[in-house]
Amino acid sequence: MADNEHDAERAETEGENTSGSQSSDPLRRRPRIGYTAAILVALLGFTIAVQIRSNDEAGLDTARTEDLVRILSDLDSQRSRLRDDIAELNQDRDELASGSRGRQAALDRARALADSVAILAGTIGAQGPGLVLTFSPGDSPIEPHVMLDAVQELRGAGAEAMQLDGPNGASVRIVASSYFAEQGGALLVDDVSVSAPYVLRVIGDPDTMSTALNIPGGVADTVQKDGGTVKVGQPESVSVETLAKVRTPQYAEPVD
């Protein structure tokens, strides 16, 4: 009887140990599953990064030498422009902190900033160096998104003021809120119908903007592939005189 009871107790103990180990298996497997998922996510991210980098390098590898020179020149111009901006900001900071001259410097800076904002908003005219671009369509009209791409590329190249004119006498000041749409083969820009060929007057650094327009796959290439042309003129001075329509805010009100 004692042996039988001892055997029963041992069997019961082994059964408890077995069931306990089985119940802990899922808990042991969960961290392993988590580690495996983390490794798979990391590998996926690494693969995507390598693929993107390979595509970028392939794009540069297939570019022509003159295209690479233009891209490098554009990057150098942007770097030079940023350095000039930093130097100007440092000078303004020093003038504003120069005691008695600080008040007058602050007033002069405020006036200059007001003029800059007014030019960007299109509420005053502007004049300066720049380009006059003539977009002539081919067999098919120039799509609105092509003109929008041109405006964005020019802004990225430092354009400060733009005006779009048409042979029908239409003229529109291009500002941050301007939109482009199609209307009967012409462009509808800020509720104004502008017919082709389109003349875009731009104030900014001529060399930088010209380089940006001629980047491979850019606006000039797109227009030429559709049979059109982009003529670039560089006069001594470009005038942007058309003013944007100022819309009264519907909800916003100034506060003291």
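## The second largest pocket

The second largest pocket has a volume of about 210 Å³, where a pocket is an open set of points, on a 1 Å grid over the protein atoms alone, with protein on both sides within 12 Å along at least five of seven lines, and a volume is the space filled by probe spheres set on points joined across faces, edges and corners. Of the 14 residues that line this second largest pocket, meaning those with an atom within 4 Å of a point, the closest to its centre are V172, R173, D190, A244 and K245.

This is a predicted model, in which local features need pLDDT of at least 70 and side-chain atom pairs count only at pLDDT 80 or more, while totals for chains, interfaces and linings use all residues. Residues are numbered from 1 along each chain as its sequence is written, and side-chain values use heavy atoms, with hydrogens and water left out.

By class, the lining of the second largest pocket holds 6 nonpolar, 4 polar and 4 charged residues; here Ala, Val, Leu, Ile, Met, Phe, Trp, Tyr, Cys and Pro count as nonpolar, Asp, Glu, Lys and Arg as charged, and the others, Gly among them, as polar. Strand β4 (residues 171-174) gives the most to this lining, with 3 residues.

## Strand β4 and its sheet

Strands (E, at least two residues) and helices (H or I, at least four) are DSSP runs numbered from the N terminus, and two strands pair if DSSP finds at least two bridges between them. Strand β4 belongs to an open sheet of 5 strands in the order β4-β3-β8-β2-β9, with antiparallel pairing, and the edge strands, each pairing on one side only, are β4 and β9 (229-233).

Between β3 (residues 161-165) and β4 the antiparallel pairing runs over 4 bridges, and the bridge partner of D165 in β4 is S171.

## The largest pocket

The largest pocket has a volume of about 590 Å³, and of the 22 residues that line it, D85, E88, S116, G158 and E160 are the closest to its centre. Two or more lining residues come from each of α2, α3 (100-121) and β1 (126-128), with the largest share, 6 residues, coming from α3. The lining of the largest pocket divides into 10 nonpolar, 5 polar and 7 charged residues.

## Helix α2

Helix α2 (residues 65-96) has 32 residues and, at 1.5 Å a residue, should span 46 Å, which agrees with the 47 Å between its end C-alpha atoms; the expected span is 1.5 Å times one less than the number of residues. In α2, D67, D74 and D92 are buried, that is, under 20% relative accessible area with a 1.4 Å probe and protein chains only.

Definitions and conventions
Buried means under 20% relative accessible area, exposed over 50%, partly exposed in between (1.4 Å probe, protein chains only). On a 1 Å grid over the protein atoms alone, a cavity is a set of points where a 1.4 Å probe fits but cannot get out, and a pocket is an open set with protein on both sides within 12 Å along at least five of seven lines; lining residues have an atom within 4 Å of a point.
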